[in-house]
Amino acid sequence: MAERLRPVDAVTIGVGMTGSILAKELAAAGLKVVGLERGAGRDTVPDFQSPAMHDELRFAIRKSLMMDTTRETMTVRANVDQTALPLRRISGFLPGTGLGGSMVHWNGQTWRFQIADFIYRTRMEERYGKTFLDPDLAIQDWGVTYDELEPHYDRFEYLCGISGKAGNLNGQLQPGGNPFEGWRSREYPTPPMKEAYCGALFRRAASELGYHPFPMPSANLSQPYTNPEGVSLHACVYCGFCERFGCEHYAKSSPQTIVMPVLLKNPNFELRTGCQVLRITLDNTGRKATGVVYTDAAGHEFEQPAELVLVTAFALNNVRLLLLSGIGKPYDPRTGEGVTGRNYSYQTVSGVDVFYDESVNINPFMASGALGTIIDDFAGDNFDHGPHGFIGGAFIGANMSHGRPIEFHPTPPGTPTWGQAWKDAVIRHYNHTVTLLAHGSSASTRGNYLDLDPTYRDAWGQPLLRMTFEFPENDIRMSAFVTDKMLQIGRAMGGKTVAGAPAKRPYNATIYQTTHNTGGAIMGADPRTSVVNRYLQCWDVPNVFVIGASAYPQNATYNPTGTLGALTYWVADALKTKYLRSPGPLVPT
Amino acid sequence: MTIAPSVLPETSDSAHSGDALAQAVTRPAAIHSQPITYIFFNLDEVEFIEAAVARLIPADDRWPGALEVGVTNYIDKQMGGAWGAGERLYRSGPWQAGTPSQGYQLPLTPAELFRTAIAAINKELAAKGTPFAAMTPANQDAYLKELETTDRDLGGVPAREFFAHLWEATVEGFFGDPVYGGNRDMIAWRMIGFPGAYASYYDVVDKHGIVIDRPPMSLAQDAMGHVHLDPNIPPKLP
């Protein structure tokens, strides 16, 4: 029997980026907030310090900051005719665990989505006609527009201190920035990072081909910065231990370096770590949440009553928690009915290696997670898809984030997989190779979705999440197109050998691609095709808000975190100015 | 930076004349005469795995290979520790074979997998009369290639699965930090020019194409004492 605790105004399920920002805003507004974090508490000091943090084996290979798959994982399959099996280790995507969540181990690539991304179906049908889209595509409009989110993008970027160069200030194009981006109300808070050698080589070739290179917007800061909350970050030192690691230098934006110091000082907030939320409890109408049930690290079960439940876990866990709690009708791919689990999307990535002469020292280990030079010419809505027969696109760039040798030891095609010839090739190419990346969109389809697995369970006896996913044919065609463009740039970069291949079926959940798992609790204007309304409020249970990339109706070209930061402040604004004044549905049904 | 190793492998065939049943086997290692004390692998397993990694990443006239830098020591310590016992491995049934896209689906821990597969290999080769360690290098390579590319049964472990585990562990031990027992003297890092656990390249990241000629640094050395203390950020969580 769960021990019933004293009621609070709000509870966050997960204390990562979205949970810490929302808790900070609500605690400052006078609400009593409890943050429940499944993992451990941790901070830059002492937990992320060198020399221990510079351990490739422990953090990058063994994934010690990630979800512990001994206790919980998810099952995967390509389609409904297969039996889903558990990912017995995670490697294809890496949800974090512990205070700060995945924003502790991220790379820091901090993008805005395009204006067209938020009105994706409308815009694609307007531009190319209704018959242009593959019939299996389930893309939708978001129910919120870029113009509405712009102030919240701005606020998030200034919270993080993002380093970059604006390409469009209030409609005026700016030299050196991304000429394709949506308008910005002001310049980035800090200037771009230094350019790495791989970026300089890419910039020269891309410029010669008539493209528009610019520096990747980065949460690894180019200079010291104090944010509007009064929290200070340091400059990135390009140590090359970024993604999969915590930053020892206070140089990567993460909850610990942007908001946690303020949040933890507020007596209205209580952090509880080691707390696994099992379900959201509903009253007998099923229309109101009464709180959550969780177990602590010692296995004791508690009921935490709360007026407001903020679901702020990793995207996949948000969806699983809704399914475990019976919130929203589960999506059925056979009928197309139901909402929870609908429109799971991912990211469509491909790579190209440019192998140089031995005289060219790339020094890939002088790096950072978001140190990149990029072109946006083939992203999203930035070019005419009419002749090509697909929607979506990719940014292409050189953003080598590290030279850690267990993971990185490139060899040209035809090299034996082991033995003396392999060793010779690794020696020859390690410091003389540039890797390019095409980071592409992921269209939602009727067949890609999330539900609860009928067989496999976690350490608490609850069903695992089941992921049914295969790359849509549209995205396979998109990847072939952008990878061809990337190969052309690679050949213009002066390497001796250029090799790469587009994304291909089958999707392989064991090969790392990105941790950009999106959808499943999507936002929209219609309760029949979305779980949450434009304020990320559950249509069915209005005192539950679900904040995560789980809200994305499909995934855009870019890394999802910048947009999630904007949505988080958008929700914070709606809670403070609308919901708390008059709790109830913010959008009539 | 060219710090070629001066010491090449010694032959290591005379050290295990003692109790063949002993679990802790001490063998002279290849460079600097530093012995490896095996805590997990038994003598028969050591025979195979030392010979196998010596072919996977061989020594040549410039650089030692996997055996010489202590890769088998690394694998031994991993198998004898938490990783071998299934750290971070989801181990609930039912067990069934999946697609390659679904990943590892055997009920065996890494330690069980190594032990099972090596026992099957040694038994099979004993029956044929020539243990792996006694084969010619060419025959050893052909045998390893077969493990890599077939699903031949090794006591319930598909050969391809065992090879993948062996290769992954070999690369980890070769390129990983020396604190884990492989990559002795950071030789693999010197070989490719990876400087190791340095804390900062701020001053040189934009000096494109420079030659980095300082010696590599291991976790065992403090990376320049880089510890920041920011008074605005509480050092302990509540």
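In chain B, two helices meet: Asp44(B), Glu45(B), Phe48(B) and Ile49(B) of α1(B) touch Ile118(B), Ile121(B) and Asn122(B) of α3(B). Contact here has a cut-off: the two C-beta atoms, placed from the backbone, lie within 7 Å. By class, this meeting place holds four nonpolar, one polar and two charged residues. Nonpolar covers Ala, Val, Leu, Ile, Met, Phe, Trp, Tyr, Cys and Pro; charged covers Asp, Glu, Lys and Arg; the others, Gly among them, are polar.

The model is predicted; local features need pLDDT of at least 70, and side-chain atom pairs count only at pLDDT 80 or more, while totals for chains, interfaces and linings use all residues. Residues are numbered from 1 along each chain as its sequence is written, and chains are lettered from A and ligands numbered from 1 in the order in which they are written.

Stay with the two helices. Two packed helices are described by the angle between their axes and the distance between the axes. Helix α1 of chain B spans residues 43-56, and helix α3 of chain B spans residues 110-128. Their axes are 10 Å apart, at an angle of about 85 degrees. An axis is a line fitted to C-alpha atoms, for helices over the stretch in contact, and angles run from 0 to 180 degrees between N-to-C directions. Therefore α1(B) and α3(B) are roughly perpendicular to each other, a label for angles of 65 to 115 degrees (under 35 is roughly parallel, over 145 roughly antiparallel, the rest oblique).

Now take chain B as a whole. Chain B has six helices and four strands. These are DSSP runs, numbered from the N terminus: helices are H or I with at least four residues, strands are E with at least two. Along the sequence the pattern is β-β-α-α-α-α-β-β-α-α. Of the 238 residues in chain B, 41% are buried. Buried means that 20 or more other C-beta atoms lie within 10 Å of the residue's own; 12 or fewer means exposed, and in between is partly exposed, with C-beta atoms placed from the backbone. Among contacts in chain B between residues at least 6 apart in sequence, 56% join residues at least 24 apart.

Next, see where the chains meet. Chain A brings 69 residues into contact with 61 residues of chain B. Several elements of chain A give two or more residues to this side, including α6 (197-208) and β20 (449-457). The largest share, four residues, comes from α10(A). By class, the side of chain A that touches chain B has 36 nonpolar, 21 polar and twelve charged residues.

One residue shows both chains at once. Thr73(A) sits in the loop between α3 and β4 of chain A. Thr73(A) counts as buried because it has 24 C-beta neighbours inside 10 Å. Not counting residues up to four places away in sequence, Thr73(A) touches Pro86(A), Leu87(A), Arg88(A), Ile90(A), Leu464(A) and Tyr90(B).

Five bridges join β20(A) to β21(A), and the two run antiparallel. Strands pair if DSSP finds at least two bridges between them.

Turn to another strand of chain A. Six of the eight residues of β16(A) are buried, so to speak mostly covered. Eight bridges join β16(A) to β19(A), in the antiparallel sense. There, Ser350(A) stands opposite Ala438(A). β16(A) also pairs with β22(A), antiparallel, over five bridges. In that pair, Phe355(A) has Thr497(A) as its bridge partner.

Two helices of chain A remain. In α1(A), eleven of the twelve residues are buried, so the helix is largely enclosed by the rest of the structure. Just after α1(A), Gly30(A) takes a positive phi of about 100 degrees. Helix α6(A) has buried residues too, among them Tyr197(A), Leu201(A) and Phe202(A). The buried residues of α6(A) pack against β17, β18, β19 and α11 of chain A. After α6(A) comes Gly210(A), with a positive phi near 90 degrees.
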